[in-house]
Amino acid sequence: MTLAAPLHALSCAPHGVDNVLHKIKTSPDGYVAAVGTLSYNPAHVPKSHSETLSIDLDEFRIKARFKGKTLGRSGFKTPVDSPVTIELSCFNGWCAFLEPDRQVLAFLKVTPKGYTLAADPCGSDMFFDPKPKMLKATQDCYLRGKCPPKPRF
């Protein structure tokens, strides 16, 4: 006798820097583009698809520190060392992938309480090990107004 068990998977639309740049361009909120590292206690991050994560988390806040350089008129050159709140979301037991102290391109939302950074399993406002093409697209959008059109799926 074979019993069928529910299959839990997460299907996401393609996500890339163009998606985030379009979101930022059309958002009333302010964002700072930065390259650097996020430091935080990994023990505070829920494990994806763990037995203890049986419900969706609309938002889970993790205190972190961002160290790196923000984008200014002459590129990613302005030093930053600032607290950041990572707003991590989980869906159907899947959480955003996070890895501390790894190089990222981050789009930090400016709020009255400081910077926040959205992270969800289908598309975060950060990209690990950013490629030169990602940095160029970000600079073109922020500095020259050459932002990508709304991505099609």
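The entries below take these in turn.

Entry 1, ground rules. I am working from a predicted model, in which local features need pLDDT of at least 70 and side-chain atom pairs count only at pLDDT 80 or more, while totals for chains, interfaces and linings use all residues. I number residues from 1 along each chain as its sequence is written, and side-chain values use heavy atoms, with hydrogens and water left out.

I looked for disulfides (a pair of cysteine sulfur atoms within 2.5 Å) and found one in the structure. Cys141 and Cys147 form it, with their sulfur atoms 2.0 Å apart, and the link is right-handed, with 90° about the S-S bond. I noted both cysteines, Cys141 and Cys147, as buried, where buried means under 20% relative accessible area, exposed over 50% and partly exposed in between (1.4 Å probe, protein chains only).

I then turned to helix H1 (residues 17–26) and helix H2 (residues 132–144), helices being DSSP runs of H or I with at least four residues and strands runs of E with at least two, numbered from the N terminus. In contact (heavy atoms within 4.5 Å), Val17, Leu21 and Ile24 of H1 meet Met134, Ala137, Thr138, Cys141 and Tyr142 of H2.

I located Ser82 in strand S3 (residues 75–91), and Ser82 counts as buried because its relative accessibility is 13%. Leaving aside residues up to four places away in sequence, I found Ser82 touching Ala64, Arg65, Phe66 and Tyr115.

Conventions:
Axes are lines fitted to C-alpha atoms, for helices over the stretch in contact, and angles run from 0 to 180 degrees between N-to-C directions.
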